[in-house]
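Dear colleague,

I am writing to hand over the structure below. Please keep it open while you read the notes that follow it.

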Amino acid sequence: MPEVYIIDVTNRDGVQTSRIGLAKLEKTLINMYLNEMGVFQSEFGFPFTLHETNYINANLELAEKGTLAPIRLEGWCRAIQKDVDLAYKLCPKIKHLNLSISTSPLMLELKFQGKMTIETVIKSMIKAVEAAKAHGAASIGVNAEDASRTGIEDLIKFGAVAKAAGAARIRYCDTLGADDPLTIYARMKELASKTKIDWEMHCHNDLGMGVACSVEGARGIIEGGQDAYINTTINGVGERAGNADLLSVLVALKYSSGFKDKKMFPKGIKLDKIWAFAKYASYAFGIPLSVNQVGVGANAFAHESGIHADGALKNRKNYELYEFEELGRGEPELVDTGRMITVGEYSGIKGFMNVLGKLEVEFKNDKEAADVLELVRYANVHTQKPLTREELIFIAKYPDQARKILTVIPPQT
Ligand SMILES: [Zn+2]
């Protein structure tokens with residue numbers, strides 16, 4: 001049976017969202033969490049964008065070292081040769097790319113102002129795929145932006161041509177979250193069976209159906225005989241009303257009535273990392289988890305009304321579909337309420353050693369400690385909030401990559 005894989009797009013769709021963003025160190029930590037969870041691929045940035053270059057190259061080094069492995073790190077480009085060439089000039093070791101171009105008549109008319117047709121879109125896409133292949137890309141995905149408002153015949157043509165050009169799969173972008181689960185299921189089944197290529201679901205939540213469309217679309221792809229890839233973001237962050245939430249997609253594939261046989265649950269996923277991951281992402285983005293957030297909200301396992309509390313106490317199965325322990329929840333959290341030493345951009349060595357000692361980080365000598373402190377100061381210049389335990393440990397463990405990630409130099413004009 002074909003399989004389902006997760007491609008998380010937090011570090012691309014999530015960070016391009018209006019009024020929210022991440023420092024490059026935080027993007028790196030997101031990749032680390034995704035890798036720990038067993039996610040197949042992270043769309044980790046824009047390799048043709050100058051301020052991403054050091055972050056991307058440092059993360060590729062971490063992949064080479066085996067730290068960011070087995071996760072695949074994939075960069076997003078427009079499906080134009082210029083982007084691909086620049087991506088390889090700036091990030092020569094990038095192995096995986098997704099190339100995106102609009103396919104809907106509406107966008108061809110209103111965005112390209114009638115200057116592009118589906119035929120010229122396809123030509124541009126082929127040139128971009130061929131350029132990526134010539135540069136040595138190991139896998140190429142092709143994104144049909146606004147696929148949900150594109151005719152099925154055009155998508156079949158787009159998919160078949162992309163496959164012939166050497167693409168590994170096609171991303172069906174429900175860019176505006178316009179589809180519904182039944183429609184997307186039928187379309188994906190037809191697309192998968194007629195093109196015989198793997199498809200990716202990329203669903204937004206403008207109508208509140210991003211997760212439902214993702215899992216039903218994936219079902220259509222599987223029934224059409226191909227592997228299905230689902231795009232997610234941590235905590236559902238993303239353009240406008242957001243993308244399909246990573247945890248919601250995973251619990252839907254495990255616990256909803258139509259997926260209970262778990263045949264579509266992605267292999268190798270560890271759900272017990274999600275609690276720490278969701279909290280970190282909330283802190284890094286500066287967006288509190290909503291009280292009713294799936295699985296990780298404060299009320300996800302809370303009961304108060306008489307009938308519910310009584311039922312949950314008698315047996316949790318009365319009012320809980322899955323167990324909080326499975327998500328890594330349940331441990332009490334200790335918070336210092338007295339004297340506290342934090343580290344930041346103006347910290348000195350004594351306070352720094354105090355904090356690092358509590359994290360059980362040891363240095364070979366004073367020079368190594370001073371070097372890491374300097375990096376920690378720079379990290380705080382970037383994040384402008386107290387560094388987390390994981391961030392401090394990352395910097396102490398991978399100082400060379402941390403230095404590169406924290407180096408952002410605007411080009412000379
Ligand atoms: Zn999107």
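Predicted model: local features only at pLDDT ≥ 70, side-chain atom pairs only at ≥ 80, totals over all residues.

Residues are numbered from 1 along each chain as its sequence is written.

The protein chain has 16 helices and eight strands; helices (H or I, at least four residues) and strands (E, at least two) are DSSP runs, numbered from the N terminus. Of its 413 residues, 47% count as buried, meaning that 20 or more other C-beta atoms, placed from the backbone, lie within 10 Å of the residue's own. The C-alpha trace spans about 65 × 65 × 35 Å along its principal axes.

The UniProt annotation "domain: Pyruvate carboxyltransferase", from an unreviewed entry, covers residues 4-275; such annotations may be inferred rather than shown by experiment. That span is 44% helix and 18% strand, and its end C-alpha atoms lie 22 Å apart.

Helix H11 comprises the 12 residues 274-285, and at 1.5 Å a residue it should span 16 Å, which agrees with the 16 Å between its end C-alpha atoms. The expected span is 1.5 Å times one less than the number of residues. Among the buried residues of H11 are Trp 275, Phe 277 and Tyr 280. The buried residues of H11 pack against helix H2 (24-37), helix H10 (246-255) and helix H15 (389-397), where contact requires C-beta atoms, placed from the backbone, within 7 Å. After H11 comes Gly 286, with a positive phi near 75°.

Conventions:
Buried ≥ 20, exposed ≤ 12 C-beta atoms within 10 Å, placed from the backbone. Contact = placed C-beta atoms within 7 Å.
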